[in-house]
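Please look through the sequence and the three-dimensional model that follow, and keep both at hand while reading this report. Each section takes up one topic.

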Amino acid sequence: MKKMHLSKFSVAMAAIIFTAVSCSKNADTNTGQEHPATVTEAMMSENEANPDEAAVTTKGEDGNGSRQNNHYLYTESNNTGTNTILVYKIVNNGNLQLQETVDAGGAGTGVKLGSQGAVVIDKDHEWLFAVNAGSNSVSSYSIHNDGGIVLSHTSTVAGTMPVSVTVHGSLLYVLNRGTDNIQGFHIGSGGTLTAIDGSVQPLSGSAVDAPQISFLPNGQWIVVTEKATNTLSTFKIKNDGAVEPGIFTNSTGQTPFGFEFARGEYMVVSNASGGAAGAGTAASYVTGGNGIPHAVNGAKPNYQSAPCWVAVTKFGRYAYTTNTASNNISAYYVAPWGGLYLIDGSAAATDMGPLDIVVADNNYYVYTLNSVSHTITGFHREIFGGLNLVARESGMPDAATGLASY
């Protein structure tokens, strides 16, 4: 076992050194910290002290070798007629056990949504929220201690085809792709959703094909990616929960898609590059008080096709993208200053057509929803961003979309 771990360490470090050298040739000059030795030393210095690495070596966040610890995974069927939420328990060795299927309070579209954040969970794991893209509504569900959920409230949105939601405290915002706008709701007692006056704001134009909406970690801004316009749209949150008109910034990299936040502040965005073969990239951004995202060290290629969805480890040291047309996952390292560096363009093979990706709340397992194979594949994390296939759940609904876990 020790010999195998040493081999993985050597391979990982060789990849880091090679990638750091490659990145330094075309990186932005925003940070002034691009020397490859700095990146390698940062990776090595965080070993042992890196909390994301600790989760791997202790086999989960509880530190006693148990990876069960009552964690759950959620997705939605997106079926026409009656949309449903599928609830899975994450059992030992990362396998999934279907616990229940709950009516979603609305209808799906019957086809893939092509979005990130169709299903989300609040920070305290008390509420789950999901879009009903076929009936133009969003629903809230209370989460019980056993992972089960109960539908609490469904509210119609001020637009069409909601595809992504985001929650921060008592605020929820939804992205309506069909009408190219966003809208906010107050989350009240019992999960009631009340529309906020003045919260409906347009995106940068029409037919922008927006795939995701999310609050910044500080809750002061909202970000939306726009694929068709290569734009990052940001909206300032007002004191009453409404938003100011959008600020529209050109993205670094083409076809910005999914994103998640690393180290509490850096937004890691996948760039699908129009689906061109081997042309995928990802970029890290920091957003200042003016709401304008600034790329930290440029768009970093992963040499794969159609990287679309992003997941970040619990403490933000590693980021993963699913490459839908390459049927694999890329692993990146996020440096302390926010720089993004490719560890392995093909860190793990998935089933066919990987879409959504999520890191389980125990920080030990990673799951992908695979659209062509109709499966969920599960991986356990290894040192320096490595992934090892451990589980496969078959028979997913044809239009299944969204992954959330706690």
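## The largest pocket

Which element gives the largest share of the lining of the largest pocket? That share, five residues, comes from E8, where strands (E, at least two residues) and helices (H or I, at least four residues) are DSSP runs numbered from the N terminus. The model is a predicted one, in which local features need pLDDT of at least 70 and side-chain atom pairs count only at pLDDT 80 or more, while totals for chains, interfaces and linings use all residues. Residues are numbered from 1 along each chain as its sequence is written, and side-chain values use heavy atoms, with hydrogens and water left out.

About 1400 Å³ of space lies in the largest pocket. A pocket here is an open set of points on a 1 Å grid over the protein atoms alone, with protein on both sides within 12 Å along at least five of seven lines, and its lining residues have an atom within 4 Å of a point; the volume is the space filled by probe spheres set on the points, which are joined across faces, edges and corners. The lining holds 46 residues, and those closest to the centre of the pocket are Ile121, Asp122, Lys123, Val167 and Glu260. Besides E8, the elements that give two or more residues to this lining include strand E4 (119-121), strand E17 (256-262) and strand E29 (401-405). By class, the lining has 24 nonpolar, 13 polar and nine charged residues, where Ala, Val, Leu, Ile, Met, Phe, Trp, Tyr, Cys and Pro count as nonpolar, Asp, Glu, Lys and Arg as charged, and the others, Gly among them, as polar.

## The chain as a whole

The secondary structure of the chain comes to three helices and 29 strands. Of its 406 residues, 59% count as buried, a word that stands for under 20% relative accessible area, whereas exposed stands for over 50% and partly exposed for values in between (1.4 Å probe, protein chains only).

Contacts (heavy atoms within 4.5 Å) can also be sorted by distance along the sequence. Among those between residues at least 6 apart in sequence, 52% join residues at least 24 apart.

## Nonpolar cores

A nonpolar core is a set of buried Ala, Val, Leu, Ile, Met, Phe, Trp, Tyr and Cys residues joined through side-chain atoms within 4.5 Å. The largest one has 33 residues, of which Phe129, Tyr173, Leu175, Ile182, Leu203, Ile222 and Val224 touch the most other members. Strands that each supply at least two residues of this core include E5 (127-132), E8 (162-168), E9 (171-176) and E10 (181-187), and E9 gives the most, with five residues. A second, separate core of 24 residues includes Ile329, Ala335, Trp337 and Leu355.

Ile182 shows what such a position can look like in detail. Leaving aside its neighbours within four places in sequence, Ile182 is in contact with residues that include Tyr173, Leu175, Leu203, Val224, Phe235 and Val243.

## Residues in strands and loops

Asn271 lies in strand E18 (residues 266-271) and counts as buried because its relative accessible area is 0%. Its contacts, apart from neighbours within four places in sequence, include Thr252, Gln254, Thr281, Ala299 and Pro307. Arg177, in the loop between E9 and E10, is also buried, because its relative accessible area is 15%. Among the residues that Arg177 touches, not counting those up to four places away in sequence, are Leu113, Met161, Asp209 and Pro211. Arg177 and Leu203 are 26 residues apart in sequence and 9.5 Å apart in space, C-alpha to C-alpha.

Tyr364, in the loop between E25 and E26, counts as buried at 7% relative accessibility, and its C-alpha atom is separated by 9.6 Å from that of Glu53, 311 residues apart along the chain. Asn93 sits between strand E2 (84-90) and strand E3 (96-103) and is partly exposed, with a relative accessible area of 41%. His374 is found between strand E26 (365-370) and strand E27 (375-381), and it counts as partly exposed at 26% relative accessibility.

Key:
1 Å grid on protein atoms, 1.4 Å probe; cavity = no way out; pocket = protein on both sides within 12 Å on 5 of 7 lines; lining within 4 Å.
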